Amino acid sequence: CSTRSIEVSQMTMRRPRRVPPVLLTAAFALLMWITSTVTPKLDIPLPPRAALAFAFAAAGMFVMTVAVQGFRKQRTSVNPLDLTRTSAFVTTGVYRVSRNPMYLAMLLGLLALGCFLSNPISVGIAVLFVPTITRLQIIPEERVLSGRFGSAYTTYCATVRRWI
């Protein structure tokens, strides 16, 4: 057994495989769509629900754009699966309001889809995205960032909410 294979296996043990957040969001969207095809819809005409869906989608795109720009401005990685490349944590802009604006943007996109589908169960599935992404992605990220950035990150967490 070579030293390289031992190092690789130790890295694998320390970093559990996680589902990429974008893929998890897509899985939720697919589940929402499937659910909407087999459960009753609300009787809301297309123009109002499309307007509400557009508002959620536009808000989500805005939040995502501003959040990614914050990471780029700090020259740190946006890859949530490889936190070893994280060189800074962002505390300015939208990050003064939410520690996880990218995940908030994904939730807004799912809510947009739920409104467009006009299906209350699909909207409920979108809401379940919050505890799912929190458990599978956010909490592990927070552990790593706390270890990496220490009291500065802990103070940030104490002053800025996880979602909004």
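## Basis

Buried means under 20% relative accessible area, exposed over 50%, and partly exposed in between (1.4 Å probe, protein chains only). The model is predicted: local features need pLDDT of at least 70, side-chain atom pairs count only at pLDDT 80 or more, and totals for chains, interfaces and linings use all residues. Residues are numbered from 1 along each chain as its sequence is written, and side-chain values use heavy atoms, leaving out hydrogens and water.

## Aromatic pairs

There are 6 aromatic pairs in the structure. Phe71 and Tyr95 make one that is tilted, at 5.6 Å centre to centre with 35° between the planes. Phe71 belongs to helix H3 (residues 46-74) and Tyr95 to the loop between H3 and helix H4 (101-117), so the pair ties together parts 24 residues apart in sequence. Phe71 counts as buried at 17% relative accessibility, and Tyr95 counts as buried at 4%.

Rings of Phe, Tyr and Trp (its six-membered ring) pair if their centres lie within 6.5 Å; planes under 30 degrees apart are stacked, over 60 edge-to-face, and the rest tilted. Ring pairs also link Phe89, Phe149, Tyr153 and Tyr156 into a cluster.

## Glu141

Glu141 is part of helix H5 (residues 120-159); helices are DSSP runs (H or I, at least four residues), numbered from the N terminus. With 10% relative accessibility, Glu141 counts as buried. Leaving aside residues up to four places away in sequence, Glu141 touches Pro80, Leu83, Asn100 and Tyr103, where contact means heavy atoms within 4.5 Å.

## Ile34

Ile34 is found in helix H2 (residues 21-38). Ile34 is partly exposed, at a relative accessible area of 39%.

Methods: Helices (H or I, at least four residues) and strands (E, at least two) are DSSP runs, numbered from the N terminus.
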